[in-house]
Amino acid sequence: MEILRRQIAEVPGDEIGPLIAGSFFASPSFLNLWRVFGGVPVWWIARSGPEILAVTPGVEFGSGPFKRFQSTPNGCYSRAYVRSDDASQVSDIGRRMLAAIGSAGYAKVFINDFWGSFGDAEGFRKQMCETRLVDIADPDWEPPDSKLRQQIRRAEREGPAPEVFEGTRHMEKFLHLVKLSEQRLGVKQKYSSAFFEALAAVAATDDRVQWVWCEHESRPVASSIFLVEGEQVLHWQVYFDAAMAHLQATKLIVFATARKLAATGVRRLNMGATPPEAEGSLEFKRKWGGDVYRYGILFKKSWVGRWL
């Protein structure tokens with residue numbers, strides 16, 4: 001078995017497709033989004049002769065001794081997509097892939113090992129994160145918090161109805177919400193308008209991106225971006241106007257989207273990782289119920305990487 005790095009254009013789609021079928025995070029459409037920031041999508045491939053046994057997707061940023069690798073970027077998850085169902089082979093390939101990536105000379109490596117695909121490798125450290133996974137498969141599911149249910153019902157009666165985000169109609173107002181969120185949090189927004197334009201183009205053709213929009217009397221109220229990965233949906237990004245919070249639009253968006261996707265076979269709502277100090281966000285997520293799920297972020301930094 002050999003482990004190889006390849007840019008995604010170098011590998012025929014019919015060789016990779018069966019391994020990543022159903023995964024949005026491993027799809028070229030998702031990986032190519034990061035070209036907006038100068039990213040280069042790559043496959044790390046385990047091969048035996050002509051046969052591809054497994055693939056790990058990721059994106060490289062920078063060049064030379066400053067090159068960094070993320071699998072996958074910005075809170076999204078990674079795994080070794082292995083052809084075999086044999087647990088011992090899956091574990092062995094994951095460890096070998098991690099060792100090869102760690103030896104590739106990257107200044108920094110970050111792997112969001114949500115499914116525990118990679119085990120441990122020399123030089124890597126692990127930071128534990130947690131999210132909440134809410135079982136939404138029951139057709140009668142509702143969040144357990146009674147006040148939250150009341151707020152959702154009120155929003156259904158009195159608030160603006162969620163609708164599908166359309167870049168050509170809503171982008172300018174959406175970017176206003178992004179600016180408001182940036183000012184409220186005091187943190188510079190990491191995504192550019194070009195990134196959101198590219199994401200809107202993907203959402204227009206791939207229903208694994210569920211971008212939901214609410215406005216009231218032509219004023220933007222709230223917007224959430226959900227990413228469907230297999231049987232779960234990740235509540236990835238949320239933006240809102242705090243002055244319109246009384247309309248409870250964000251809560252209605254989450255509930256309506258969960259019910260819509262559950263009808264298509266999605267079984268879990270993933271509320272996403274939250275820094276421990278963000279108590280307001282943590283409390284919001286707790287109200288949706290579910291169980292805490294802990295997973296590791298594997299990371300490795302070279303001497304140069306420690307200064308980046």
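# Close-up views of a predicted model

**View 1. Ser218 sits in the loop between strand S9 (209-216) and strand S10 (219-229).** Strands here are DSSP runs of E with at least two residues, helices are DSSP runs of H or I with at least four, and both are numbered from the N terminus. This is a predicted model, in which local features need pLDDT of at least 70 and side-chain atom pairs count only at pLDDT 80 or more, while totals for chains, interfaces and linings use all residues. Residues are numbered from 1 along each chain as its sequence is written, and side-chain values use heavy atoms, with hydrogens and water left out. Now have a look at the backbone of Ser218: its phi is near 70°, a positive value in a residue other than glycine. Most residues other than glycine have a negative phi. Is Ser218 buried or exposed? Ser218 counts as exposed, at 53% relative accessibility. The scale goes like this: buried means under 20% relative accessible area, exposed means over 50%, and partly exposed is in between (1.4 Å probe, protein chains only).

**View 2. Pro220 belongs to strand S10.** With a relative accessible area of 8%, Pro220 is buried. Which residues does Pro220 contact, leaving aside its neighbours within four places in sequence? They are Lys173, His176, Leu177, Trp213, Cys214, Glu215 and Asp241. A contact means heavy atoms within 4.5 Å.

**View 3. Ser71 and Thr72 are joined by a cis peptide bond.** Omega is about -15° at this bond. Most peptide bonds are trans. Thr72 is part of the loop between strand S4 (68-71) and strand S5 (81-82). Asn74 lies in the loop between S4 and S5 as well. Asn74 is not a glycine, yet has a positive phi of about 55°. As for its surface, Asn74 counts as partly exposed, with 25% relative accessibility.

**View 4. Cys129 is in no disulfide.** How many disulfides turn up in a search of the whole structure? The answer is zero. A disulfide would be a pair of cysteine sulfur atoms within 2.5 Å. For Cys129, the nearest cysteine sulfur is that of Cys76, 13 Å away. Cys129 is buried, with a relative accessible area of 14%.

**View 5. Thr250 has its place in helix H7 (residues 249-262).** Its relative accessible area is 15%, so Thr250 is buried. What does Thr250 touch, not counting residues up to four places away in sequence? Look for Ala222, Val238, Phe240 and Phe284.

**View 6. Gly13 and Thr168 are found in helices H1 and H5.** Helix H1 covers residues 13-20, and helix H5 covers residues 167-185. Gly13 is exposed, at 55% relative accessibility, and Thr168 is exposed with a relative accessible area of 82%.

**View 7. Zoom back out, and the chain shows eight helices and 13 strands.** Its radius of gyration is 20 Å, close to the 19 Å from the globule rule for 308 residues, so the chain is as compact as a globular protein of that length. That radius is taken over C-alpha atoms, and the rule is 2.2 Å times the number of residues to the power 0.38. Taken along the principal axes, the C-alpha atoms fill a box of roughly 60 × 40 × 40 Å. Buried residues make up 47% of the 308. Of the contacts with a separation of 6 or more, 71% link residues 24 or more positions apart.
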